[in-house]
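Subject: A structure for you to explore

Hello,

Here is the structure I promised to pass on to you. Please open it next to this email and follow along as you read.

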Amino acid sequence: MGGISSLGGTLAPGNSIGQTDNNGNLTLTDTLRIEVDNPTTFDILNSTNSGTLDLTAATLDFVFAGVATDYTIGDKFQIITGFTTVTTVDKITNNLGFTIIDNGGGEFQITAGAAPFKWDGEAGDGLWTTPSNWNSNVIPAAWMDVIIDINETVTVSGAAFAKSITMSNGGDLTVDATITLTVSTAANPATEDAVRINQGCVLTNKGTITISNGGRDGIFNFGTVTNTSTGDISITYDGRYGFYNSGFADIFTNEGIVTILNSTNTGIVNFGTFTNTSTGDISITDSGSRGSVSYTHLTLPTIERCRS
């Protein structure tokens, strides 16, 4: 590519991962799109005659081919080479929510992990599976922390994934019958919960919620949780408690199936109202300390099977 002094539109170097050479001075006024396969393989924009590159009005858009866990804080990408002068880019975006800074001289660096995916409900249909309902206009993937902090009901009507889910400010979540929501690998097992329902929020499960390798607690409830007769909640390898009903006003009602495996401390801890109805079945296996402990209202009309 040569003789171009100003270029609008999108410039994407190479064919897939590749290199584009420029033999003149270049000013970009729209988007420079850089594909990144891994920390050592990515697109390059190169000058063959020591030209200058002006990015002051451009957006640099990184498109990562992998998932967030394929990259680490500190990864650097020397995507611009050969230019004698490279101005600071106006804006940096990427598809994984990283914080990326301009180190100067055409080098860019990841300085913070993927930002949480937040529900904004822009589409107006209330569906988890609609991309425009999320702040990044992308459906959350298994490695992403999800925040629902708007007073709306989010409905999971198709298979859904997250690393963790936090509900607050009246944000409710409903999992439809026959649908599976998978939550796995909360970031910090000492402080972060796999699913956290804050005060005033409601989680209703009609389908299947699978929590594996959860954080501090598999489910931390400070609101209301209902597992309906068609619901199945499975919590495996949580860090502290499988299910924590944390306060006197908090309510958990089980009409379906709850299975808790290998909790480090206690399977269920209840400080609120915990009801297992006549159709409900709770199984707690191999908890490190106790199967369950309750300090307030506990109703178990059917058999709770515990093995420690």
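Predicted model: local features only at pLDDT ≥ 70, side-chain atom pairs only at ≥ 80, totals over all residues.

Residues are numbered from 1 along each chain as its sequence is written, and side-chain values use heavy atoms, with hydrogens and water left out.

**The chain overall**

How many helices and strands does the protein chain have? The count is zero helices and 37 strands. Both are DSSP runs numbered from the N terminus (helices are H or I with at least four residues, strands are E with at least two). Of the 308 residues in the chain, 46% are buried, where buried means under 20% relative accessible area with a 1.4 Å probe, protein chains only. Among contacts (heavy atoms within 4.5 Å) between residues at least 6 apart in sequence, 58% join residues at least 24 apart.

**Strands to look for**

Strands of a sheet pair through backbone hydrogen bonds, either parallel or antiparallel. Here, two strands count as paired if DSSP finds at least two bridges between them.

Start with the open sheet of three strands, which has the order β3-β7-β11 and parallel pairing. Its edge strands are β3 and β11, each pairing on one side only. Four bridges link β3 (residues 19-22) with β7 (residues 44-47), and Asp21 stands opposite Asn46 there.

Next, find β5 (residues 31-38), which runs parallel to β2 (residues 10-11) and is joined to it by two bridges. In that pair, Leu11 is opposite Leu32. β5 also pairs in the parallel sense with β9 (residues 59-64), over six bridges, and here Ile34 stands opposite Phe62. Which way does β6 (residues 41-42) run relative to β5, parallel or antiparallel? These two strands are antiparallel, with two bridges, and they form a hairpin with two residues between them. Asn38 has Thr41 as its bridge partner in β6.

**The nonpolar core**

A nonpolar core is a set of buried Ala, Val, Leu, Ile, Met, Phe, Trp, Tyr and Cys residues joined through side-chain atoms within 4.5 Å. The largest one has 64 residues, and Phe62, Phe64 and Trp128 are among those with the most contacts inside it.

The largest pocket has a volume of about 200 Å³, and Phe98 and Lys163 are among the lining residues closest to its centre. On a 1 Å grid over the protein atoms alone, a pocket is an open set of points with protein on both sides within 12 Å along at least five of seven lines; in a cavity, a 1.4 Å probe fits but cannot get out, and lining residues have an atom within 4 Å of a point. A volume is the space filled by probe spheres set on the points, which are joined across faces, edges and corners. The second largest cavity holds about 40 Å³, and its lining includes Ile165, Leu173 and Leu181.

Enjoy exploring!

Terms used:
Buried < 20%, exposed > 50% of the residue type's maximum accessible area, 1.4 Å probe, protein only.
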